[in-house]
Amino acid sequence: MLLSACSSFNQEKLKPSLGDIKTIQPAIEYSSANISEVDLIKSYKELLKIAKKENQDDGATLKRLSDISLEHSIDDLLSEDELIIKRGKILSNEAILGYNDYLKQFPNKPNNDEILYQLAKVYDINGDLKNAFKTLLILDKKYPNSKYISETKFRIAESYFSNGVYPEAKEYYKNIIDHHADTKFYRNSLYKYAWSLIKNNDNEASVYAFLKLVDLYYQDGSITETTIAQTTSDSEKTLIYDVLRAINLSINYDLEKVKINHYFKQNKKPYEPLIYESLALYLNNKNRVNDAASIYFSYLEDNEPSYVSFKLFNKGVTLLKPTPFTELYLKSKKAIVTIYSKPSLFKKFNLQQKTLTRPILARHDYELATYYHALAQTPSKKRLSKSHFQLAEKWYSLFLKRFSGSPRYGEVSFLLAETFTERQLYLQAAKHYRFSSYQIKKHKKSQEAGYATILSYQNALAQQHKDDEKYHIEQQLIQSSIDYHASYPADKRSDDIIYNASSRLYDDKRYDDTLAILLPLIDSQSTSQKLLQKVTELTAHSFFNQQHYLKANIYYVVALKSTSLSQQNKQDLNSKLAESYYQLANQAKDNNQHTKAARLYLKANKISPVTQVRKIALYDAANQYLVAKDWESSISLLKRFKNQYKNDKKLYRGAQEKMALAYRSAGNTQQAALAVLALANNSSPKLKQALLWEAATLFYKDGNTTQYLKTYDDYARLYPLPLERSLKARLVIADYNLTKNNIVARKSWLKSIVNNEHKYTKNSNQDANKIAANASLNLAQYALQDYKSINLSVPLKKSLTKKKKALKVTIKQFSNTLKYADPKTQTLATYGLGEIYRDFASSLLKSERPKNLNDDEQEEYGYLLEDQAFPFEEKAIKIHKRNFSNTQKGLYNEGIKLSHQSLRTLLPFQYDKKEISTPYVAP
Amino acid sequence: MIKKKYPRLMLHLNLKLTATSLCVALASCQSVQAPKPVTIKPIIVKTVKPVSVKIDKGLNVINSAIELVKSKQLNNAQLVLKGYLEGHDDNRARLNLALIYFKTKQFILAKGLLQTIQQSDRHNSIVLEHLAIIARHEGQFKKAKRLYLQALENSDRPSIHLNYAILLDLYLNQLDEALKHYTLYQETGLAANKDIPLDKWIADLNRRIKRNQ
């Protein structure tokens, strides 16, 4: 609408010309008498003659006749027929004569103003302008209150104006303007008055005058604030154009001194935009483009920004469009964008206005930004490139802020990011690329922006040295990579991008996040085979590091199925697969699933390319079978281990130990003993002692007499301490000799026990003491047997001496036994002592009697023997009593019971007492 | 065959015949003498209370076991009581079995049964007495003394005095106290029946007491 209005503005018609003024005449209609026919004139002439004759002429007939002549002359003079024109001339002359005659005859008649008016009219028709003007002057002078005075003054003014007498004309026009505003001559007077002022070089006043006229057009509705109304007639339009052209001229004359807005400072006009635009177009037509644009811009100086002012401003900017960019052009563009894109203003526009305004402002902004952007890239302007980039950034940013709906929005967002890239401000660039790619509607550069985001973050990362910042940037980089892959999966670069991102997460040990990227890629049908392989491997590594070994294991297996693996890659994957098996085995072990653990260790052993892993896995597998009590499997693996890893002394020893344990647990004590013995032979002295003991014990348990006797003998010989084991080893050998009835050897080993205990008595303990005490008791019992084997026979003295000697030896042996602080052996030894005395007494009494004695002598011999035996029996009783008295201390064991038995016989009234019990209880 | 097939029917016919014969006989009576009113005494129905017979199976078992003990068939007695106790909770049987175990020197088994009895019968003097003897066998003389004293609190049976005196005399050397309980046992006059030379024991003890003094 606005543009069409502008285009319809007939610029040609506005071209000012003084000559044109003459062509425009006010539309004044003379009042005319009602003359019906020409013949009527004849009738009136006849009537006049008659009236004059009769002296009844009061002027009425003459006036009427003149009026009729005037009327007809007007019609005739308009004819194209020369005869009729000639007749018209005659009639007009007759009218002039008539009116003049009338004025002579009736100079004081009150209606003479009308006669003068008609006379001036007829002069004018007749082309006698001079007399017409004189007549009008008379009328103006004599009849200031005449009803014809406004027209009279107007015609006088017109006459003056036509004759170039502009001061007088101006006065007459002004009179009409001031005093006859309600007449039809007012507008024309106003128009001509303004022109008069121009002719009098009073341009400023003329503008005001013209504006009064424009006021009227506005009131009529002939014009609006910005244009001429469409409903206005063509003639009216012509007149309005003329007025506007005159205003343009006037303002232009003083433009250097008086600016356009001066005319509206005191008296604001609603149609100011129309005047501004009229002047701007006028100047533009004169090729004064800058002046024209300035006029457009100046409207804003005294007016609030509005849609109208925007339109004017924009027209100004548009006029300046041609390249190169001038300072004014740049300023105007900046101004229009800055002022009119403000939301506070913009929201006041209606929807249509907004729709029209926004793309224009966006274009200006875009042009400004791209202009500075290009300037910044110009090598010759390198010195200023920083500030130009900043300006480009400013205008791009404003664009993004204000014109979100623009079709160029995406492009601008991309270009803004580019300005940062070109300045190597990569972090900011990345931020804006990201915005351009993902946060706005898709555009031509979206994908490129997405890729540039990643590149920018990478560059920013390379620039950054602070760890915290680096971390933050890296997170952004990763997220951008994820976004890119999600948005542009078909892009060939997408695979590498997403893989790189997941690798970074992996390097950061963010395995959950890594897997969050990788797992969907594995599931996706669109993932390329090449990427899938890499993703599978990284997934496996991630699970592994999360200690999800089962999942890791599965993915390693999948990864290894690839046929395109390099030798090194395959080896690495196998190594990790083996590790995963190893860790799964550890988990099974921790869950007490030992057989399962063993099998998994074996898998690790089988797969791993790393010797160390294979070795450890084999060792652990054997150990787990051992824990699982699968002795056979364990032994088999341990044998294998010993064959394969002889050089690893530590584990080799461990394998030997475990083997021994496995054999022993499997009930194969023979092999266990041999294994332990072999282990002992390769051990440190301290360990050797323990292992030798264990081997001896195992041989003993296995019933391998030769081996256990030899091993115990070795042990006893090599290790006197700890005393308990040393004595126990000797005891085993001593007991073995008992089974073989090898009493001499047995006694020898028993003595060695007693002697060693005595030798290392400081190192003795309760168990060692007990063993030694028993050995001592056994020796005493052997002595007792020796003693008992001696019979008292004739000659008594000889046998008695021998028996007494044996008695002493035995008593000494029992007495030695009493030294050991072991109650059981002590009481048995005490009992032994008591019994040997008792036996000696009994032996005396039962001894062989000499055969050559008579009865009396026999009796006497008997008494003598009783006397000899009695002290021994008393001694026996005393010892048994002492032994039995231990019951008072709460002691009650085999030795005490045996003493009690002896006492039952020796002292029956005191000791042969038994409790009585109830045989049954009847119900 | 037919008769065998319908034996009930035949019986019915026989009865019918008998009734008819009776009617004929009555009819002939009526014709001789007017009938006298007969006072019929109402039948008194006695309600018989059921006799509840409590069968004490244990009694027989224990008695038979005792008979076996008396005839020195201790093994059989042991089997009888053991079999019975597998299905019954009976302290009487349990005590007799414990005494058989005691007699056969199976002190651990005896002790187990005696202690079981003691849980429900804490003051049984026979149980306490025999537990005391077992404690003495185990060399737990103080415990034996305590058990004897508990037994004596619950009973004044002569055997407790004798057994307690032996403990004090032989194993604890508490001679005065031993003498007191030997004397108490002696006063019951049972010593003679048991072939125990109690007079000599007491004499010897008095001698030792005197010697100690």
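1. The buried residues of H14(A) are covered by elements that include helix H13 (272–285), helix H15 (307–319) and helix H16 (327–340) of chain A. Helix H14 itself spans residues 289–298 of chain A, and its buried residues are Ala292(A), Ala293(A), Ile295(A), Tyr296(A), Phe297(A) and Ser298(A). This is a predicted model, and the remarks in this note should be read with that in mind.

2. As for chain A as a whole, the model has 43 helices and zero strands there. Of its 923 residues, 49% count as buried, and the accessible surface of chain A comes to about 47,700 Å², with 50% of that area belonging to carbon and sulfur atoms. Among the contacts in chain A with a separation of 6 or more, 58% are accounted for by residues 24 or more positions apart.

3. Which residues does Ser437(A) touch, leaving aside those up to four places away in sequence? They are Lys442(A), Ser446(A), Ala449(A), Gly450(A) and Tyr488(A), and with Tyr488(A) there is also a polar contact, side chain to side chain, at 3.3 Å. Ser437(A) belongs to helix H21, residues 426–438 of chain A, and it counts as buried because its relative accessibility is 1%, where the cut-off for buried is under 20%.

4. Arg155(A) forms a salt bridge with Glu151(A), with the closest N and O atoms 3.1 Å apart. These two residues are separated by about one helical turn, because they lie four residues apart in helix H8 (residues 149–162) of chain A. Both Arg155(A) and Glu151(A) are buried.

5. A salt bridge also joins the side chains of Lys269(A) and Asp215(A), at 2.9 Å from N to O. This pair links distant parts of the chain, 54 residues apart, since Lys269(A) sits in the loop between helix H12 (234–253) and H13 of chain A, while Asp215(A) is in helix H11 (residues 203–220) of chain A.

6. The side chains of Arg510(A) and Asp513(A) meet in a salt bridge at 2.8 Å, N to O. Here Arg510(A) is partly exposed, with a relative accessible area of 23%, and Asp513(A) is likewise partly exposed, with a relative accessible area of 31%.

7. Turning to the interface, 24 residues of chain A are in contact with 40 residues of chain B. The area buried between the two chains is about 2,700 Å², and carbon and sulfur atoms give 63% of it. On the side of chain A, the residues that lose the most area to chain B are Lys913(A), Glu915(A) and Ile916(A), which together make up 28% of what that side buries.

8. How many salt bridges are counted between chain A and chain B? The count is two, and one salt bridge is formed by the side chains of Asp169(B) and Lys913(A), at 2.2 Å from N to O. The rule also finds eight residue pairs in polar contact across this interface, both residues being at pLDDT 80 or more. Helix H41 (855–884), helix H42 (894–906) and helix H43 (908–911) of chain A each supply at least two residues of the side that touches chain B, and H43(A) gives the most to that side, with three residues. The residues of this side of chain A divide into 11 nonpolar, seven polar and six charged.

9. A last point concerns Ile126(B), which is found in helix H7 (residues 125–137) of chain B and which counts as buried because its relative accessibility is 14%. Residues up to four places away in sequence aside, Ile126(B) touches Thr918(A) and Val921(A) from chain A, and Leu95(B), Leu99(B) and Arg157(B) from chain B. Between Ile126(B) and Leu99(B) there are 27 residues of sequence separation, and their C-alpha atoms are 9.5 Å apart in space.

Terms used:
Residues are numbered from 1 along each chain as its sequence is written. Chains are lettered from A and ligands numbered from 1 in the order in which they are written. This is a predicted model: local features need pLDDT of at least 70, side-chain atom pairs count only at pLDDT 80 or more; totals for chains, interfaces and linings use all residues. Side-chain values use heavy atoms; hydrogens and water are left out. Buried means under 20% relative accessible area, exposed over 50%, partly exposed in between (1.4 Å probe, protein chains only). Contact means heavy atoms within 4.5 Å. Accessible areas come from the Shrake-Rupley method with a 1.4 Å probe; for residues, only the protein chains shown count as cover. Buried area is the accessible area (1.4 Å probe) that two parts lose on being put together, summed over both. A salt bridge is a side-chain nitrogen of Lys or Arg within 4 Å of a carboxyl oxygen of Asp or Glu. A polar contact is a pair of N or O atoms within 3.5 Å; within protein, one must be able to donate a hydrogen and the other to accept it, and residues adjacent in sequence count only if both atoms are side-chain atoms. Ala, Val, Leu, Ile, Met, Phe, Trp, Tyr, Cys and Pro count as nonpolar, Asp, Glu, Lys and Arg as charged, and the others, Gly among them, as polar.
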